[in-house]
Amino acid sequence: MSPLNVVVGITGGIAAYKAVGVVRALVLAGHDVHVVPTEAALRFVGRPTLEAISRNPVHTDLYEGVAEVRHVAIGQAADLIVIAPATASTIAKLATGIADDLLGNTVLASEAPVVIAPAMHTEMWRHPATQANIATLQARGVTVVGPGVGQLTGADSGPGRMEEPETIVAAALGVAAASARRDLAGRRVVVTAGGTREPLDPVRFLGNRSSGKQGVAIAEAARARGAEVTLIAANLEVPEPDGCDIRHVSSVLELQQAVTDAAKGADVVVMAAAVADYRPADVSETKIKKDGGDDGLTLELVRNPDILAGLGHAPHDGTLLVGFAAETEADEQRLLELGRAKREAKGADLLAINRVGWTEGFASDENAVVVIGRSGEIVTRVHGTKMSVAHGILDVVVSETTSAAAAADHPKEVEST
Ligand code: C5P
C-alpha cells in the first residue's frame, strides 16, 4: 500500500495511552501520521511522546496556525482518519457535527474515511444516546472498531475496552484500501435489502426476520467503491445508508415493481432482500376478529411471483444478477447443492449462499457466504463482518463485469468455413 496521510485523533479516555501503539504501528508501516489530540487527551498522554512517536508536530489549539488555515488543512490533506480512543462525548460531538476543537474541525473538513475505536464504561456504551450516535455515524459510513469486552479501568468488566492497537490499525488500513478502490465508478448497481411484509389486515402482516444489514452493507460498499446505487429498502431495521437512491417498499408486489423499474439499464442487480414466497389470498379491509369458540383460523395463501427468476429468465445482457439463498441446511455439501440448484432455477449469474437459523444470519453483525458461479463452481468464500462480506461479493462482481466488458470489446473471432 502506498504511504497514506493518516490523522490519528486521540480523545480523553484512559485508553489514550494505548493510542501511542496505534500511532507507532502506522508510522512503522510507512505512513505519514499527524496526531490531533483533544485537550483532555493530553492529560493522559504527553505531547512530546506523541511528537516523538509520530515524527510530526502535534497541535490541539484551534487558534494556533490560523495563517495556514490549520483547522481545515489537516482534514483536507488526510487520506484516513482514525480516532482512538473515541469517548462517548467525542462520539456525540461527531454525530452532531460539533467542531469546537481542532479534531472536530478536522473531521468536518475531511472527505477521508473515518474509523473510530470507542472506549468507555459499559453503562456509557450501552446508553441509548451513545447507541443512537453510533448508529448515526455508521449510517454516515464511519467504521466502528470494537469496543472489546474485558477488564475496564476500575474493578468492572464488560463491553467498553478499546480494541488492541493492531486490530484498529488493520481495520483502518482495510477501510482506506477499500475506499481507494473506485472499481465500481460509473456502474449502476441496484440492491434489494430487508424483508417483505404481506398484509393480512390493516394491523397484521406475514414477515420474516431479515434485518437488511447485509443488503445495506452491500449498498454502502458499492457506493464507497464509486457506484451509483439504488437501494430497494423493504422494512429495514438498520439505518439507511447515505448517498444511495432509496426506494421504500413493503410487500413483494411493491418490491417487484421497484426492482423491475430500477433494473432497466443497471449493470448489477443484487437481490439480498428476503422475499416472501406466499401472500394471503385476501387482505381483509378491517381487523380480522376472533370468532366465538376455540376454532383455529385457516389462512389461504397464494404464490408470489419469483422476482429474481423473472429477471433471470428474461434477456438481461449487460446486467449481472446476484441472488441470495438463506438456508437452514446444516450439511455443507447439501447446502452447496441447494445453492447450485437455486442459481440454475432462477437464472442468476451468481448466487450467494448463507446459512441461517434461530441464532445465525439475520440480525447478526457477522456473516459467512459461499458464492456460486454459472457452472456451479465456488467463486469465493467470505466471512467476517457484513461489510467485509459485502466487499468480498463486490470483488466477484467487479471481476465478472470487467471480464464481460473486455469480452464485448474483443469478441471472440468466429471461424469461417
Ligand atoms: O427461493 P428463495 O427465496 O430461497 O430465493 C432467494 C433469492 O430469490 C433471493 O435473492 C431473493 O431475493 C429472491 N426471491 C425473489 N422472489 C421471490 C422469492 C425470492 O426474487 N418470490
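Author: A residue is called buried under 20% relative accessible area, exposed over 50% and partly exposed in between, with a 1.4 Å probe and protein chains only. The model is predicted, so local features need pLDDT of at least 70 and side-chain atom pairs pLDDT 80 or more, while totals for chains, interfaces and linings use all residues. Residues are numbered from 1 along each chain as its sequence is written, and side-chain values use heavy atoms, without hydrogens and water.

Cys244 is buried, its relative accessible area being 14%. Cys244 belongs to the loop between β11 (228-234) and β12 (245-249); strands are DSSP runs (E, at least two residues), helices likewise (H or I, at least four), numbered from the N terminus. Thr230 is 14 residues from Cys244 in sequence, yet their C-alpha atoms are 5.7 Å apart.

Polar contacts are pairs of N or O atoms within 3.5 Å. A polar backbone atom of Pro305 is 2.9 Å from a ligand nitrogen, and a backbone N or O atom of Ile307 is 3.0 Å from a ligand nitrogen. A side-chain N or O atom of Lys346 lies 2.9 Å from a ligand oxygen. Alone, the ligand exposes 440 Å², of which the protein buries 89%, by the Shrake-Rupley method with a 1.4 Å probe.

Notes
A polar contact is a pair of N or O atoms within 3.5 Å; within protein, one must be able to donate a hydrogen and the other to accept it, and residues adjacent in sequence count only if both atoms are side-chain atoms.
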